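Dear colleague,

Here is the structure that I promised to hand over, and below it you will find my notes on what came out of it. Please read them with the model open beside you.

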Amino acid sequence: MLLRPGQLSLDELQAIHQGGQPLMVDPAALPGIAASAAVVRRAAEGTAPVYGVNTGFGKLASTRISEADLATLQLNLIRSHSVGVGEPLAPPVLRLVLALKAASLARGHSGVRPVVIDTLIAVHNAGLCPWVPCQGSVGASGDLAPLAHMTLALLGEGEFLVDGQKRPAAAVLAAAGIAPLQLAAKEGLALINGTQTSTALALHALLSFEPVLEAALLIGALTVDAARGSDGPFDPRIHALRGQPGQIDVAQYYRSLLGGSQIRQSHQQGDDRVQDPYSLRCQPQVVGACLDSLRHAALVLVREANAVTDNPLVFAATDAADGELVSGGNFHAEPVALVADACALAIAEVGAIAERRIAMLIDAGVSRLPPFLTADPGLNSGFMIAHVTAAALASENKSLAHPASVDSLPTSANQEDHVSMATFAARRLQPMIANTAHILGIEWLAAAQGIEFLRPLQSSAVLEAAHALLRSRSPAIPQDRYLAPDIEAATAMVRDGTLASILRSLPDLPALWTPA
């Protein structure tokens, strides 16, 4: 894949996330890289103080460093900032981090030599994953600790993650035929200053949640049929009057999913209920609002993936000047923090409305199905406690959805006095996705059980396909049995895209947030 600095698309980011895509920097970027490196070289050879080149860092920015110590300054920066803790970042995240950092540096505003970018690309293309602890960044001044661990591995001093184990970097690089990187002026700072870790974590969540959201649409429609709900609330005229794009698109999904259902037709022939519970009829409004938030997050994250976010920035020579380095604050990850918080709310809400649908299905007074979806209640508890699990997970998500971006602790002796907390904001999305996927797995089992009480009536062809897929892994539940394995099997198909593939086979439906 040709890595075009500043022009990465969401499709390309998804391909990098999935792996198996060798990268090559667009040759058109090389002149800009060389020009910015020349600016830094002249600054390093000069006498004027330039932050990040011949001064200390953060609160120590007024401390001058001699020319003889400039390389040591960069090496010490990486060593001192490699202070992360916790579990290592996952390989898909690290693939994105390496690619995003290379793309950012290749914009030609960071002042690094081509060898720095070449080393990042070589490590990525060799399938190597630096060992990077997941905790230790406050999302400004960039993702310092995670990116320092990444860089330390490139230098041959850190570690790589190999088959789940930590391995010394020097040996791993040697086995791959990659020379350890040696840093010149400003290069260490350029490598660790930036938002690539938080951006990669947020993209990882966005891309991981896509099949879960698609599964939620299928499962929500199956629940509508299991509860013999009306398809009137999905009438396009309703949603056109409001004009919210996500709501309009989600309603279109539900009309397509429910079209041709015999259960739908039976509802129209004498059901005396006037309106369905909100968890059924307001799905376009709720899930559509979530979709709008996720689409906005995708736009912001693609922008950030293409951004230059280190400091100071290099503006190469023009006819009027030899070029200059300008200090700013692009490393502050507030855009990532805010959209990660929005993603958290969306993920929690998709799970919350699914939990309400489960509660509705097991309540015989509302669903008009047997109590707790079992034909012999009392002797059997049916889905009574499976719903409790869903409620517990939905409650956990409510706590995890608390905005991270509203918190800030000053660092670096109050020089860095407002931070974004973007890295945690993005990192906490994975457990939330897992919780929501489990809630949906439980709902899928419950809705399938409900459909079976309505036989011989058939649902729509696509919903019957979803029902059959579940039954291929989880047999019918005529009486109580050990249900945890069924929940795990259903959840796995929610997370890995197996269920979503049914939805993707439908023609003429709007895309979610990933372009076609």
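The mean positions of the 34 positive and 46 negative charges of the chain lie 2 Å apart, where Lys and Arg count as positive and Asp and Glu as negative, with His and the chain ends not counted, and where the place of a charge is NZ of Lys, CZ of Arg, CG of Asp or CD of Glu. This is a predicted model, in which local features need pLDDT of at least 70 and side-chain atom pairs count only at pLDDT 80 or more, while totals for chains, interfaces and linings use all residues. Residues are numbered from 1 along each chain as its sequence is written, and side-chain values use heavy atoms, with hydrogens and water left out.

The chain has 22 helices and eight strands (DSSP runs numbered from the N terminus, H or I of at least four residues for helices and E of at least two for strands), and its C-alpha trace spans about 90 × 45 × 40 Å along the principal axes. Of its 516 residues, 55% count as buried (buried is under 20% relative accessible area, exposed over 50%, partly exposed in between, with a 1.4 Å probe and protein chains only).

Helix α6 (residues 144-154) is largely enclosed by the rest of the structure, because eleven of its eleven residues are buried, among them His149 and Met150. Just after α6, glycine 156 takes a positive phi of about 85 degrees.

Valine 388, by contrast, lies in helix α17 (residues 384-400) and is partly exposed, with a relative accessible area of 44%.

With best wishes
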